[in-house]
Amino acid sequence: MARLYFSLLAVLATFGVIWCTNLPLGIPGEWTWQRTLLAGDFCWSVVPAATWIILLGSYVWYGTSRIEDAKKLSTLSHAAWLAGLAILSFLTLSGLREAAPPAYRSAKTAFVLYFPGPSGYFTEARKVRDTREFLTNYRQNLNHGDVLHQGTHPPGLIVGYRGLMWICKFVWLQNFLLETQPLDLRDAFQIISEQSRMSGGPLLTDHDRSVLWLAALLMQACAAATVIPLYALLRLHARRITSWQLVSFWPLVPAVTLFLPKSDACLPFLGCSVLALWLHGLRKQSLALCCAAGVVFWAGMTISLALLPTGCLAGLLTAWYYWGCSPPDRWTSPVKRLSAGLTAGVIGFSAPTGLLWLTTGCNLISVWIHNYHNHAGFYLQYPRTYWKWLLVNPIELGFAAGLPISVLALFGVVRAIRNPRDVAQGPAWACLATWSLLWLSGKNMGEAARLWIFLMPWVIWTSASAWDAAIDGVSYQIQRRRWLCCWACQVVATLLTVSRVVGFHL
């Protein structure tokens, strides 16, 4: 019951701070998120969100009994249930987007992905004539000292847009993408076309529209698919029913809806996939999974250095399982298993790095080093006050992830403190340690709600052991009611947030 009471208080705190006060969402003069007036059609715009949320909740409610009785559920059926959850998560994110003010619904896709200010990767990709030559010269381009987009990011996103541009040359796909665009997105593209025509800039073609819409769909699909590797992480120690119920909180994390379609929203999927592949690979002594973890980590690092903390978390968890657990929980032949897994992981990471260098001359290691230095230069151009952000960032993380699920994570931390040597507390300790290092480093002073999306699945993961203990020994019906009450609190907190806070200064 304590969890429900605190979840209700979390909803009230969300409503009080976001709706009833003018407290700055950040630090004035350095960085703040904007509040907007409630949309005039809010009562109608919330209907799509409510519809998909009800369907998602019903699916999880019914699926709880099927997942719990997994002995009668084949591996294929189990995978089908997770695939259904990912699809409903995608649709729920689309519904939640419609609860935002009109300019920040589907229309924001055009403005965020097209204009250089919010993103800029499509703009750069459109300038590229030869992808190989672009990669060859990428390291030299970093010397210009850009501290915002290209200067602080590897070339993966620009190359990705080049790939989408090639795919969208297929007429059938381009027509499909043009036909499926929402009406407000078409209006936004029309506005951009008129501005380009008046300014004499490059015209927005049907091909461009299809590329931008496909990019938005893929980002949202990655965000929704995070439920699959997150479930795998939860299953490391938690029961099936706990993992199934907790993973349903993911599509209700406010930051995911707020910051789609930016590439930040795909990082949780990549990060969780790396951790799931690596940890299950070590546990099952599967060199293929460990190698795949290295490859996925490499792919994520070609997009953003934000995945570096994920590597740190993987290392801490490996150390926990190797040294921190009580002897009965240790792996058999730990040195041999760890050495083989590390070798496979290093090969998975270094092989594509070396192959790219040999084929294009793009030295990613040098690129990453320069990205890191350029990021440090950001605070020289945009000074921030360290101690202020030290106080604000944890609060911002709580609101961005949703205060109700953040409360459940705190219960998980408390349980870890009470049972410090329990093997199941490893994820809580490792997540807390990695986040603390990132928090104290001051690498993110401002925009933590967006820049820390990659670690928000960790908030759900941290709550697993406490949730497992809370429903242990209680009846099946009580289990589902407790989940539904806390889940409903997260729903309300998310709607309160996405209907008033906007993630882009358009």
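Colleague: In which sense do E1 and strand E2 pair, and over how many bridges?

Modeller: This is a predicted model, so read every feature as part of a prediction. E1 and strand E2, residues 31-35, pair in the antiparallel sense over three bridges. Take one position. Gly26 has Thr32 in E2 as its bridge partner.

Colleague: What does Gly29 do in the hairpin of E1 and E2?

Modeller: Gly29 takes a positive phi near 90 degrees. The hairpin has three residues between the strands.

Colleague: What is the strand order in the open sheet?

Modeller: The order is E1-E2-E3, and the pairing is antiparallel. The sheet has three strands. Strand E1 (25-27) and strand E3 (501-502) are the edge strands, each pairing on one side only. E2 and E3 pair over two bridges, in the antiparallel sense.

Colleague: Which helix lies across E1 and E2?

Modeller: Helix H20, residues 386-401. Helix H20 runs at about 170 degrees to E1.

Colleague: Now helices. How are two packed helices described?

Modeller: By the angle between their axes and the distance between the axes. Here is a case. Helix H4 (residues 107-114) packs against helix H10 (residues 183-199) at an angle of about 40 degrees. Their axes are 6 Å apart. H4 and H10 are therefore oblique to each other.

Colleague: Which residues of H4 and H10 make the contact?

Modeller: From H4, they are Ala107, Thr109, Ala110, Phe111 and Tyr114. From H10, they are Asp184, Leu185, Ala188, Phe189, Ile191, Ile192 and Ser196. Sorted by class, the contact of H4 with H10 has nine nonpolar, two polar and one charged residues.

Colleague: What tends to happen to nonpolar side chains in soluble globular proteins?

Modeller: They tend to be buried together. Now look at this model. The largest nonpolar core has 151 residues. Those with the most contacts inside the core are Tyr161, Trp244, Phe249, Met456 and Trp461.

Colleague: Which residues does Trp244 touch, not counting those up to four places away in sequence?

Modeller: Trp244 touches Tyr59, Val60, Gly63, Thr64, Ile67, Trp81, Leu82, Leu85 and Tyr231.

Colleague: Why is helix H12 largely enclosed by the rest of the structure?

Modeller: Count the buried residues. Helix H12 spans residues 227-234, and six of its eight residues are buried, so the helix is largely enclosed.

Colleague: Loops next. Is Gln425 buried or exposed?

Modeller: Buried means under 20% relative accessible area. Gln425 has 1% relative accessibility, so Gln425 counts as buried. Gln425 lies in the loop between helix H21 (403-418) and helix H22 (426-441). Leave aside its neighbours within four places in sequence, and Gln425 is in contact with Trp320, Gly412, Arg415, Ala416, Asn419 and Ser465.

Colleague: Where is Gln477 found?

Modeller: In helix H26, residues 476-498. Gln477 is partly exposed, with a relative accessible area of 32%. Compare sequence with space. Gln477 and Gln245 are 232 residues apart along the chain, and their C-alpha atoms are separated by 13 Å.

Colleague: Which residues does a cis peptide bond join?

Modeller: Leu260 and Pro261, with omega about 15 degrees. Pro261 is found in the loop between helix H14 (254-259) and helix H15 (267-284).

Colleague: What is the phi of Gln285?

Modeller: The phi of Gln285 is near 55 degrees, a positive value in a residue other than glycine. Gln285 is found in the loop between H15 and helix H16 (287-301). Its relative accessibility is 51%, so Gln285 counts as exposed.

Colleague: And what is the phi of Glu447?

Modeller: Near 65 degrees, again a positive value in a residue other than glycine. Glu447 lies in the loop between H22 and helix H23 (448-451). At 15% relative accessibility, Glu447 counts as buried.

Note on methods: Residues are numbered from 1 along each chain as its sequence is written. This is a predicted model: local features need pLDDT of at least 70, side-chain atom pairs count only at pLDDT 80 or more; totals for chains, interfaces and linings use all residues. Side-chain values use heavy atoms; hydrogens and water are left out. A nonpolar core is a set of buried Ala, Val, Leu, Ile, Met, Phe, Trp, Tyr and Cys residues joined through side-chain atoms within 4.5 Å. Buried means under 20% relative accessible area, exposed over 50%, partly exposed in between (1.4 Å probe, protein chains only). Contact means heavy atoms within 4.5 Å. Two strands pair if DSSP finds at least two bridges between them. Helices (H or I, at least four residues) and strands (E, at least two) are DSSP runs, numbered from the N terminus. Axes are lines fitted to C-alpha atoms, for helices over the stretch in contact, and angles run from 0 to 180 degrees between N-to-C directions. Angles under 35 degrees count as roughly parallel, over 145 as roughly antiparallel, 65 to 115 as roughly perpendicular and the rest as oblique. Ala, Val, Leu, Ile, Met, Phe, Trp, Tyr, Cys and Pro count as nonpolar, Asp, Glu, Lys and Arg as charged, and the others, Gly among them, as polar.
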